[in-house]
Amino acid sequence: MKNEALLMNESKDEEIEYDDELDTRGLFCPEPLFEVRNLSEKLEIGQCFKVIADDPAAEEDLKRWAKRTDTQLVEFRKEGEELTFIFRKNK
């Protein structure tokens, strides 16, 4: 069963479906990255997953990880201390 995230962007509201969710709030570098990597390895190509983090280093770490692993960052938002990412596994 897919979950849905209603995320705001500049042009319109957009519903993005995702297959799994990972809450890394309370974890600090490098733990969020390890958790994201472990989850990604379990998913199939094309599946999306949502990550919630509150570690300030997570924004840069996870964006860099996505580029290195050819994982698409579908959506990113920052609300106060909370970071929300939606990724799509490409390979």
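What I am showing is a predicted model, in which local features need pLDDT of at least 70 and side-chain atom pairs count only at pLDDT 80 or more, while totals for chains, interfaces and linings use all residues. Residues are numbered from 1 along each chain as its sequence is written, and side-chain values use heavy atoms, with hydrogens and water left out.

Let me start with Ser-40, which sits in helix 1, residues 31–42, where helices are DSSP runs of H or I with at least four residues, strands are runs of E with at least two, and both are numbered from the N terminus. Ser-40 is buried at a relative accessible area of 7%, buried being under 20% with a 1.4 Å probe and protein chains only. Beyond its neighbours within four places in sequence, Ser-40 is in contact with Phe-49, Trp-65 and Lys-89.

Turning to the helix pair, the axes of helix 1 and helix 2, residues 58–68, come within 10 Å and cross at roughly 35°, these axes being lines fitted to C-alpha atoms over the stretch in contact, with angles running from 0 to 180 degrees between N-to-C directions. Helix 1 contributes Leu-33, Val-36, Arg-37 and Ser-40 to this contact, and helix 2 contributes Asp-61, Leu-62 and Trp-65.

Finally, Lys-50 lies in strand 4, residues 48–53, and is likewise buried, with a relative accessible area of 11%. Its contacts, leaving aside neighbours within four places in sequence, include Tyr-18, Asp-20 and Phe-85. Lys-50 and Arg-88, 38 residues apart in sequence, are 9.1 Å apart in space, C-alpha to C-alpha.

Key:
Buried < 20%, exposed > 50% of the residue type's maximum accessible area, 1.4 Å probe, protein only. Contact = heavy atoms within 4.5 Å.
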